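Thanks for making time this afternoon. Please have a look at the sequence and the structure first, and then I will walk you through them.

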Amino acid sequence: MNKSELSDGTVHRVPDDLYKALTKDNTVRERWEDLTPLARNEWICWTVTVKQQKTRDEHVKRVVVELQQGKRRPCCWIGCIHRTDKALSPSVKWALSKQSKA
């Protein structure tokens, strides 16, 4: 399977490190493909928006583990802030305001 055959999200493309992790196991790949584009986008955004490489590596590993466990979206994720097709919800705006003060 080449990279173009692994589905992306609504805004984000699957980055190389996540692609490698998702394609190592056929079950994980199938579960990824079974997600909606919006859910895939949230996993990608959750993985790439961290500041440190160590945290990103941990997120990539967690995507695989959590897909294996049957999870379909990242837990406690406020959602992708990069979507331009809809406005941020009040709860996301609140969460972002708390993050910027931390």
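Let me begin with tryptophan 32, which is found in helix α2, and please keep in mind throughout that what you are looking at is a predicted model. Is tryptophan 32 buried or exposed? Tryptophan 32 has a relative accessible area of 0%, and because a residue counts as buried when that value is under 20%, tryptophan 32 is buried. Leaving aside residues up to four places away in sequence, tryptophan 32 touches Leu6, Ser7, Val14, Leu18, Leu22, Arg40, Trp43, Ile44, Val63 and Leu67.

Several of those names come back when we turn to the largest nonpolar core, which has 17 residues, and in which Val14, Leu18, Leu22, Trp32, Trp43, Val63 and Leu67 touch the most other members. The elements that contribute two or more residues to this core are α1 (16–22), α2 (26–34), α3 (37–48) and α4 (53–68). Valine 63 belongs to that list of core residues, and, again not counting residues up to four places away in sequence, valine 63 touches Leu18, Leu22, Trp32, Trp43, Trp46 and Thr47.

Next, I would like to look at how the helices are placed against each other, starting with α2 and α4. These two pack at an angle of about 85°, with their axes 9 Å apart, and since angles of 65 to 115 degrees count as roughly perpendicular, α2 and α4 are described as roughly perpendicular to each other. On the α2 side the residues that meet the other helix are Val28, Arg31 and Trp32, while on the α4 side they are Val63, Val64, Leu67 and Gln68. Sorted by class, this contact of α2 with α4 has 5 nonpolar, 1 polar and 1 charged residues. To give a sense of the spacing here, tryptophan 32 and valine 64 are 32 residues apart in sequence, and their C-alpha atoms are 9.2 Å apart in space.

How are α3 and α4 oriented to each other? They pack at an angle of about 150°, with their axes 8 Å apart, and because angles over 145 degrees count as roughly antiparallel, that is the term that applies to α3 and α4. The contact is made by Trp43, Trp46, Thr47 and Val48 of α3, together with Arg56, His59, Val60, Arg62, Val63, Glu66 and Leu67 of α4. The residues in this contact of α3 with α4 divide into 6 nonpolar, 2 polar and 3 charged.

Glutamine 69 and valine 28 are 41 residues apart in sequence, yet 9.7 Å apart in space, taken from C-alpha to C-alpha.

Let me step back to the whole chain, which has 5 helices and 0 strands. Of its 102 residues, 35% count as buried. Among the contacts with a separation of 6 or more, residues 24 or more positions apart account for 64%.

The mean pLDDT of the protein chain is 84, and 75% of its residues reach 70 or more. Among the elements, α1 has the highest mean pLDDT, at 97, whereas helix α5, residues 90–101, has the lowest, at 67.

Methods
Residues are numbered from 1 along each chain as its sequence is written. This is a predicted model: local features need pLDDT of at least 70, side-chain atom pairs count only at pLDDT 80 or more; totals for chains, interfaces and linings use all residues. Side-chain values use heavy atoms; hydrogens and water are left out. A nonpolar core is a set of buried Ala, Val, Leu, Ile, Met, Phe, Trp, Tyr and Cys residues joined through side-chain atoms within 4.5 Å. Buried means under 20% relative accessible area, exposed over 50%, partly exposed in between (1.4 Å probe, protein chains only). Helices (H or I, at least four residues) and strands (E, at least two) are DSSP runs, numbered from the N terminus. Contact means heavy atoms within 4.5 Å. pLDDT is the predictor's confidence in each residue, from 0 to 100. Axes are lines fitted to C-alpha atoms, for helices over the stretch in contact, and angles run from 0 to 180 degrees between N-to-C directions. Angles under 35 degrees count as roughly parallel, over 145 as roughly antiparallel, 65 to 115 as roughly perpendicular and the rest as oblique. Ala, Val, Leu, Ile, Met, Phe, Trp, Tyr, Cys and Pro count as nonpolar, Asp, Glu, Lys and Arg as charged, and the others, Gly among them, as polar.
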